[in-house]
Amino acid sequence: MRGTQKVMLAIWLIACVACSAWLYRNLSITTDLTVFLPRSATPEQQLLVNQLRDGVASRLILISLEGGADTALAGASSTLADRLRSNALFASVNNGDPDALQKERELLFANRYLLSPPISPERFSAAGLRSALRENLELLSSPAGAFIRPLLASDPTGEMRALARLMIPDGGPGKRHGLWFSRDGARALLVAQTRAAGFDVEGQRLAIESIRNAFAAIQPDGARLVLSGPGVFASQIRSTIEGEAWRLSALAAILVIAILFAAYRSAVTVAISMLPVATGLLVGITAVSLGFGDVHGITLGFGAMLIGEAVDYPSYLFTQAAFGERLDATLARIGSTLWLAVLTTVFGALAMVLSSFEGLAQLGVLTIAGATTAGLTTRWVLPALAPADFAPHRARAAPFDLSMLAIGGRSVRGARWFVILLVAAGLAVVLWRYERLWDNDLANLTPVSEATKLQDRVLRDELGAPDVRYIVVVRGEDREAALQASESAAAFLRDSVARGLLAGFDVPSRYLPSAKTQAARRAALPDAATLAGNLDAAVRGLPFREGLFAPFLDAVARVRSGPPLDADALRGSALALKIDSLLIRDGAGWAVLAPLRNVRAPQALGDAARAAGHQLLDLKAEANQLVNSYRDQSLRLIALGLLCITVVLAWGQRSAVRALRVLVPALAAVVLDVAILLLLGERLSLFNLVALLLVVGMGLNYALFFERPQADMAERARTQLSLVVCGATTLAAFGCLSLSKTPVLHAIGVTVALGSVLSLLLAAALAGRRDDSSG
Amino acid sequence: MRASAELALVVWVTALLASGSAAADFDKAALMQLLASVERASAQFVETRHSALLTAPLVSRGTLVYKRPDRLEKHVSFPFEARMVLERGQVTIDNPSRGRKMTLSIENAPGIAGLVESIRATRAGDLGALERFYKVDVGGSRGAWSLRLRPHDRELAQYVNAVTVQGAGARIERIEVVEASGDRSVMEIDEELK
């Protein structure tokens, strides 16, 4: 080991230890989607992210207990609800049990004259009261008699009935044994609201696990537990993707190691050839952590993939070493080409650093730091670590002659024409299918099955739980203005329900009317003497017991002299929870969110809302738009990156023609890759785009090595061997991924596996055969 | 021998039980079968509600019309006009003078619906529907039976203590509801069967 090598080794070791120590103390991985928001996001997109983060719909877990007798299910529902209510992970748990809503009922009852919409002066006149009392007599004679009797004396005008109609317009979910059941009685239903936000996949997982544990502890005979909701889906998706990613990565790693071992016939060499990519990842993550604070989970996944081409760097070194040659000497020969391979990757990623999406910027930093480090490690650390007796075996030839395969034995000129025609055909396919190029629906990327989605719809329908897709938004400068806006939105939505555009809605002003409305209702209440007089006149001739309505007179007097209802009065109840989730701070002002149920005509509802000055937010469309704008910006930055790469190549190769010879095969591979994907009926998403970036990086490397001046047949054979090794490892790794049933992993796998084969063939066909190129 | 003594005891007890059930020739199944044989029924009724809230009992009159298996209509004509229809699990209460109409389903409103079901399901001889809400006991004979319903549905039990239906043969003659509040409602029925 020479002196410089020792120094380099020491620097590498110190860097690795320092980065590990930093990450151990500071690494924080986030899954917060806001990182992926452009800084110039629209208010709708900001609201979308707030909804994903805090939205009540995204925090709901729908629980269904099925199988077994309804009495057993009802018992299980009660026990499960009790256990979950005492669990700090849940903000509320509802199974329809009226006893559990005692506090809320008392609050509504105490404030009925401030909350009930039909309150008006006429209602408390002698005529109004007489009409109400007659109605009570009729109700007493009806099957409803037993149920209205308990409140008759204190609520003769029926405000609690009005509130019940308002808050549970169609009677709410089905009930058996006083608890929520599906209409056929086969399932006991519960709704749990988690404290963890919907995006907090880990928090959701803990909540789901504690529901499963609580259920397992109850162990009702023959009953099954079914969970649904956004958080359940998110954590399901994560575990599916994680599980598949681990399984397929393990398979890929075994295949890659087997290929490398077949090439090097040395375990030590295989082991140290992993060092550059590992070091690159370590330094890359540290750089992102230093620069941004939090590292996003998606950055990690994509970043590891993008610098995956660094796995190839040591392959170039080891396979290019001539028989008996020291690695230093090999590096001296291929060093400049290796650097160019690293630099093209670095400059390609440079544009991403400038992105207004923090997620893309993170990806750029990770790629630049990672690829540079991997290059440096290959150049300086590998020769120092290689076994002292590292001696390449006799020049091994590739199992077949790539360039012969690619051009089918014809003249190079013929091969070029063939490739040009092929690429032209590919371009034609892309243009022909341009309308279908992009997949604009994120839903296609979820691995959630149709059966699971259907089950969610059924449960949501049974429970009357809000739609997770649509929401009406109104705003106000302060809380009072927002609540007044909420009241006008409620009036609009009531009309829309009557027109059949949707089934129902919820608004915060239902639970907390604006001060203006409360004042109007209070003003409608007569003073004690007037009310007593009106009541006397109303009761005359009717068979009600003397003094029966004293509680009513007291209640009205109490509300007249009492304080207005405010959020503090509701603190600690489910009503406060509702208000907090439906009335939120939004920038400088307040936003009111009105969750909707069963939106039947979104287009008509959106138009009507706009005309009425409200806004119908389609969370799905907003999310798609967000990801699509991310994709569009990525495209622009990639184009900019390609420009940088061209400049670097022209400088490095000292010739525009030679630069093109490297660039063209790589780009041709991308065109053909996309064309083939389209012909296979696939559509491209953001994930394919990142995969194509990797294809470009690999393609450039292949072309660079093919294009490198080769001294003799032996060197050409070595070059082919190294490219076959690189191509085979990439094909093996991403081929495994393409087997995945998860759309995201499948898309990445197919794109890269196909791209690696195409890049190799095209690089061989277009850039190879130095001896033949006369001009 | 002990074993044979035990055997004798078992035989004796079994014989006793068998003769006991033979004696009660009129049970739930027999009553339900009898009631289920009716296709249509119409009746005049007088309903009297005794309530601690009122200075005098509240009396209403009208007609009941039943069509097998799941339609029941109660039409109040005095002292006010009202109509209640139970059909396929949906209860519609219609008060034309007030322009008020209310629809409930047995699933969401087990309270009111359970009470209405006590009439419909008894009339239909539908033991399953009765047992969904009530513990069912039958007493008396074929000529003068009484059906005692005690709610086990939690929501219904909060408001209703018991429903007692009395009848003779396939005819229903009287339905009494005792509420948790202590109020009592008695419906006298003069039924014509088809």
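The points below treat the predicted model in turn by sheet, helix, core, chain and interface.

1. In chain A, the four strands S3, S6, S2 and S7 form an open sheet in that order, with antiparallel pairing. Strand S3 (90-94) and strand S7 (224-228) of chain A stand at its edges and have a single partner strand each, so one side of each is left without a neighbour in the sheet. From one strand to the next, the twist averages 20°.

2. One pairing within this sheet can be followed residue by residue: strand S2 (residues 60-66) of chain A and S7(A) are joined in the antiparallel sense over five bridges, and A:Ser64 is found opposite A:Val226 in S7(A).

3. Helix H4 (residues 70-85) of chain A lies across S2, S3 and strand S6 (187-194) of chain A, and the helix runs at about 10° to S6(A).

4. How far apart should the ends of helix H31 (residues 713-738) of chain A be, and what does the model give? At 1.5 Å a residue, its 26 residues should span 38 Å, and the end C-alpha atoms are 36 Å apart, which agrees. H31(A) is also mostly covered, since 21 of its 26 residues are buried.

5. The largest nonpolar core has 173 residues, of which A:Val472, A:Ala489, A:Val592 and A:Ala594 touch the most other members. A second, separate core of 51 residues includes A:Ile148 from chain A together with B:Ile106, B:Leu156 and B:Ile189 from chain B.

6. Chain B has five helices and eleven strands, and buried residues make up 35% of its 194 residues. Among the contacts in chain B with a separation of 6 or more, 39% are between residues 24 or more positions apart.

7. Which residues make up the contact between the two chains, and how many does each chain supply? Chain B provides 35 residues and chain A provides 28 residues. On the side of chain B that touches chain A, at least two residues each come from strand S1 (40-50), strand S2 (58-67), strand S4 (82-87), strand S5 (90-95), strand S6 (100-105), helix H3 (110-124) and helix H5 (154-157) of chain B. H3(B) gives the most to this side, with five residues. By class, the side of chain B that touches chain A consists of 17 nonpolar, nine polar and nine charged residues.

Terms used: Residues numbered from 1 in each chain as written. Chains lettered and ligands numbered in written order. Predicted model: local features only at pLDDT ≥ 70, side-chain atom pairs only at ≥ 80, totals over all residues. Contact = placed C-beta atoms within 7 Å. Nonpolar A, V, L, I, M, F, W, Y, C, P; charged D, E, K, R; others polar. Pairing = 2+ DSSP bridges. Axes fitted to C-alpha atoms, helices over the stretch in contact; angles between N-to-C directions. Buried ≥ 20, exposed ≤ 12 C-beta atoms within 10 Å, placed from the backbone. Expected span 1.5 Å × (residues − 1). Core = buried A, V, L, I, M, F, W, Y, C linked by C-beta atoms within 7 Å.
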